[in-house]
Structures are given as C-alpha cells and as structure tokens.
Amino acid sequence: VDLLKIIQLGLTFSDSEGNLPMGCCTWQFNFSFNLNEDMYAQDSIDLLTRSGLDFKKHQDCGIDVEYFGELLMTSGIVLNDDIKWISFHSGYDFGYLIKLLTAKPLPAEESEFFDLLRTYFPCVYDVKYLMKFCGNLAGGLNKLAESLEIERIGPCHQAGSDSLLTSATFFKMRQMFFENNSDDSKYMGILYGLGYGTPYQTYSNSIQNSYTPGSVT
C-alpha cells in the first residue's frame, strides 16, 4: 500500500435500513494516476482497463490525492461514531484511506494500524468476515451477490458499482441471517484476512444506525 497509489474510491450512502436517498446515492472518485510514473501491478491495470477505466483521463483529469484527503478529513464521515462503514475484504481499502488521511506511511505493526482504523473509522463492518456466520455463503463480492439474488448496477470492478453492491449485500445478509440486528462486540471492527483487531465493545446495537459503504480500487 505504501508503494502504490489509490486509483478510485466509491462511496454509497444509505439510512439504517438500507434505504438510498433520492437522486444520487453513490459517488465514484477518480484519482490522478500516471502509468508512466506511478508503480502498479500489471494484472491489476489490465483488469481495470477491461472494466472500463480510462487511464488517460486519470492522468489528465484525476483528483489530487492530497487535496481530497483534506476534504475527506473535514467532511464529517471520518472521525465520527455515528457513521458506519460497510466494506468487503477491506484491509487494503482502509490501508489506502488511512494513508490518504494521514499523508504518512502505514505503521509497521498491525496493532498500530488497528489503532488508526478505530480513530478514523470508529465503526467498520467487513462483509467478507460476516459471511463466516452466514451458512454456505462463500466467494467474492460478485458470487455473494449472485447467491443473494442481488443485481449489480454498473460495471464490475469499478469502485462506485462495487460500493453500491456492497451496501445491498450487507443489508440483505443482515435481514436473512442476523434478523436485522447483530452483536457489534462480535462483528464490528474486524477486517477479514488482517487479524482480528479488537471488536468494539462500546457500540451495542449500533448496527441499527446510518451507513457509509465504501469501495476502494
């Protein structure tokens, strides 16, 4: 994460029941990225290109990451206990976001990373982790959506579409497997595949509040 740059960020907003606001509910932010100067993994670039990303536009018109970080810091959606972040297999996602917000390299120790995560994103759910408690659900985001009979809107592997789909899968899972509630001390603050962090003990029933699902490319 320290060597690479964020390319896209997708954010979808909903209320505590998964209802989307009238008009626009999802934003996709496309950041400045130069294939001739920035480091990248070729297979990832190939995948994103097939999904419709125009890297010439990213180079010419992309958002400055540092400027966006300043705006995000003052937006009210970070450092806020009332905002619930919904993500999918999101260790890297929050790594990019924390680097963007702090303008510093990520800490070397996992415990320090989770300290920063709890500071900037006090309430986080990782859908991939929640799947462990949902019967036979398995696979990636597309497979999960297919299993839950949720239709994707927009192109696959674009951050905005992924964000909207993550929101839909979370609320469908919550309805089907958690009776529209869950034990936050068990499920919140844990990122799949990146250790267990420390489940947050102080926000019981906060899964009933508002949500900001995010997807990062």
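Visitor: Which residue stands opposite S87 in β4?

Guide: In this predicted model, where local features need pLDDT of at least 70, side-chain atom pairs count only at pLDDT 80 or more, and totals for chains, interfaces and linings use all residues, the residue opposite S87 is D126. Residues are numbered from 1 along each chain as its sequence is written, and side-chain values use heavy atoms, with hydrogens and water left out.

Visitor: In which sense do β3 and β4 pair, and over how many bridges?

Guide: Two strands pair if DSSP finds at least two bridges between them, and a strand is a DSSP run of E with at least two residues, whereas a helix is a run of H or I with at least four, each numbered from the N terminus. Here β3 (residues 83–87) and β4 (residues 124–126) pair in the parallel sense over three bridges.

Visitor: Is β3 enclosed or open?

Guide: A residue is buried under 20% relative accessible area, exposed over 50%, and partly exposed in between, with a 1.4 Å probe and protein chains only. Five of the five residues of β3 are buried, so the strand is largely enclosed by the rest of the structure; I83, W85 and S87 point one way, while K84 and I86 point the other way.

Visitor: Which residues does F94 touch?

Guide: Contact means heavy atoms within 4.5 Å. F94, which lies in helix α4 (residues 91–102) and is buried at a relative accessible area of 2%, touches W85, S87, F113, L117, F121, V124 and L191, leaving aside residues up to four places away in sequence. From F94 to V124 the separation is 30 residues in sequence and 9.9 Å in space, C-alpha to C-alpha.
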